[in-house]
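Subject: The structure I promised you

Hi,

Here is the structure to look through before we next talk. Open it up first, then read my notes below.

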Amino acid sequence: MSTSPHSWRQYLGVFRYSRRAIELVWQTSRALTFILAIATLVAGLLPAAAAWVGQLIVDGVVAAIEADAGIPERLLWLVALEGGIIAGIAGGQRAIQTVQSLLRAQLGQRVNVMILEKAQTLQLADFEDSEFYDKLTRARREASSRPLSLVNRTFGLIQNGLSLASFAGLLFAFSPWAVAILVLAGLPQFFSEAKFSGDAFRLFRWRSPDTRQQMYLETVLAREDSAKEVKLFQLGPLLLQRYRDIFERLYREDRSLTLRRDLWGFGLGLIATLAFYATYAWIVMSTVAGAITLGQMTMYLAVFRQGQSAVSASLTAISGMYEDNLYLSNLYEYLEQPVSTGTGEATTGAIPNDGLRFEGVSFRYPGSEQFALESIDLHLAPGQTLALVGANGSGKTTLIKLLAGLYTPSAGCIRLDGTDLRDWDSTTLRQRIGIIFQDFMRYQLPVGENIGAGDVTHFQDEARWQQAARQGLADAFIEEIPGGYHAQLGRWFKDGRELSGGQWQKIAVARAFMREEADVLVLDEPTAAMDAAAEAEIFAHFRELTRDRMAILISHRFSTVRMADEIAVIDGGRIIERGSHDSLLAREGQYAHLFQLQAAGYQ
Ligand code: ADP
């Protein structure tokens, strides 16, 4: 173990987040933090006082025996005082425990809220960044235990530190050398514990991708939504084996670290014990030689014993602190992730009723080499319908995501009523654009709220649910479900029921119809699981109800697509053809080809 300045900082790394943890507790509850500090002070300082009173008692007893004049009253008072001090210590320790239990719940809630609040400010791209997502899940998993644990250990360390300092104060009267031995004997163990904690900290950080994989496997193996496939494809044993292999690898590293740590700890601990007992012998000899009184000897021995246990308690605290630090470093990295505020202030467009324009829009996903969209130019006026057609992976959904503001174009710009999306106030923009994606959410909420989710301001408005359900052709089946609009969906909760794929899609379309105020409505293939007749009927409806609004739809069915005023054919991220159904057929290009393929399938 070297002692270069670098490793000094490394040793002190276990305290890296203690200040922040204490700040966190302070912000959570000042009263409780205050009580915790006082109790720590009491529990830290009183043991030395008890030892000191013990000395007075023994010396008093010796003096009383020598004087042979009965029991002096002062002696009884001293015993009572020591009893009081011990009760004080017990009270302090109990107070620490009580405060900790109270803080546990509050602190956990506070950290969870901080994590979730932060999640609201993130961009979709952040969620798709695996490392970042990892930080988020880890932060959530241990939110209720780690910060408190770090606080506990920090305060525990302070408490033991105070005890040690006060013991040293008493011991100083015996000999400054004894104090030096007490401190020096503990140091090697302290540093070795801190060093190995630091190593463990780095080990944990570095292996995070493995842990993440393990967590993922756990999820796949134990969640209802994956259980079906895992069973059918008999993936269980294979995935479980992977899970075991990762564990074995991690365990080997852990074992090596644990063994090294404990061997060093034991060796250095022996030095400390040796030093302690040498001092013990010294104290005994000094007493026999008459240099100190019997009472002083009792006190020094008590101080020594308790000093030793304070040292070992401190070391235990330190060795737990690295894991807490790991958690907090992760938590703060997550909380401090910069967010692009990137929202403007415009609540009305520069050219009202200009509609939607894509001007030379190109886009590349973060970390991707290829453009998902390239030089897209489009104009959609109010009252127009646009259909996007193209093979899987051609970029249709990406275009919608850009329109939704979930990502920002890499080049070019998108304007609504003449104003760049980036300059719009984000709330206003979200109200004006309503989108249902193909992977829309199936909330484990009542049927009605699943529809109401389309417009938060009418989330629980039953009349609106019913109207939207009628428009999305969902009313017929909803009325047949026991409980109707109040039936719980999903399997997580009691009496939850599952819907078929097509029924869910009708719910999703109804959700779109909730957005009465939106002037751009987008349906990205949410009807693929319906039969062709139902889809055509829904789109006809959709068309009618969005007469003066802009609508964009993505579908692979030409019976639907042909209803749109304008059709854009996308291939490899570019628009290769554009026009009405008839003009595109007349062109005899890609569209005509695909149309004939599908038509042939129905003949
Ligand atoms: P479509 O909706 O036409 O089926 P998408 O717009 O979903 O196609 O995808 C276009 C391309 O962008 C595909 O090559 C796909 O692999 C890629 N892509 C889609 N989503 C992401 C993402 N979140 N990160 C990186 N690449 C993506």
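Where does UniProt place the feature "domain: ABC transmembrane type-1"? The unreviewed entry puts it at residues 34–323. A word on UniProt positions: they are given in the numbering used here, feature names are shortened, and annotations may be inferred rather than shown by experiment.

Before going on, some ground rules. This is a predicted model, where local features need pLDDT of at least 70 and side-chain atom pairs count only at pLDDT 80 or more, while totals for chains, interfaces and linings use all residues. Residues are numbered from 1 along each chain as its sequence is written, and side-chain values use heavy atoms, with hydrogens and water left out.

**The annotated stretches**

Residues 34–323 are 92% helix and 0% strand, with the end C-alpha atoms 25 Å apart. (Helices, H or I with at least four residues, and strands, E with at least two, are DSSP runs, numbered from the N terminus.) The same record, again as an unreviewed entry, gives "transmembrane region" for residues 31–54, 164–187 and 263–283. Residues 164–187 come out as 96% helix and 0% strand, and their end C-alpha atoms lie 13 Å apart. For residues 263–283 the figures are 100% helix and 0% strand, with 30 Å between the end C-alpha atoms.

UniProt also has "domain: ABC transporter" (unreviewed entry) at residues 356–597. That span is 35% helix and 23% strand, and its end C-alpha atoms are 32 Å apart.

**The sheet**

Four strands make an open, antiparallel sheet in the order β2-β1-β4-β5. Its edge strands, each pairing on one side only, are β2 (373–380) and β5 (419–420). Pairing here needs at least two bridges found by DSSP between two strands. Strand β1 (residues 356–363) is joined to β2 by five bridges, and Phe358 stands opposite Leu378 in β2. Five bridges also join β1 to β4, running antiparallel, and there Ser362 stands opposite Ala411 in β4.

A salt bridge is a side-chain nitrogen of Lys or Arg within 4 Å of a carboxyl oxygen of Asp or Glu, and the structure holds 17 of them. One is between Arg415 and Glu359, with the closest N and O atoms 3.0 Å apart. This pair links distant parts of the chain, since Arg415 is in strand β4 (residues 411–416) and Glu359 is in strand β1, 56 residues apart.

**The ligand**

Now for the backbone: a N or O atom of Gly393 lies 2.7 Å from an oxygen atom of the ligand. For a polar backbone atom of Gly395, the distance to a ligand oxygen is 2.9 Å. The cut-off for such a polar contact is a pair of N or O atoms within 3.5 Å.

Terms used. A polar contact is a pair of N or O atoms within 3.5 Å; within protein, one must be able to donate a hydrogen and the other to accept it, and residues adjacent in sequence count only if both atoms are side-chain atoms.
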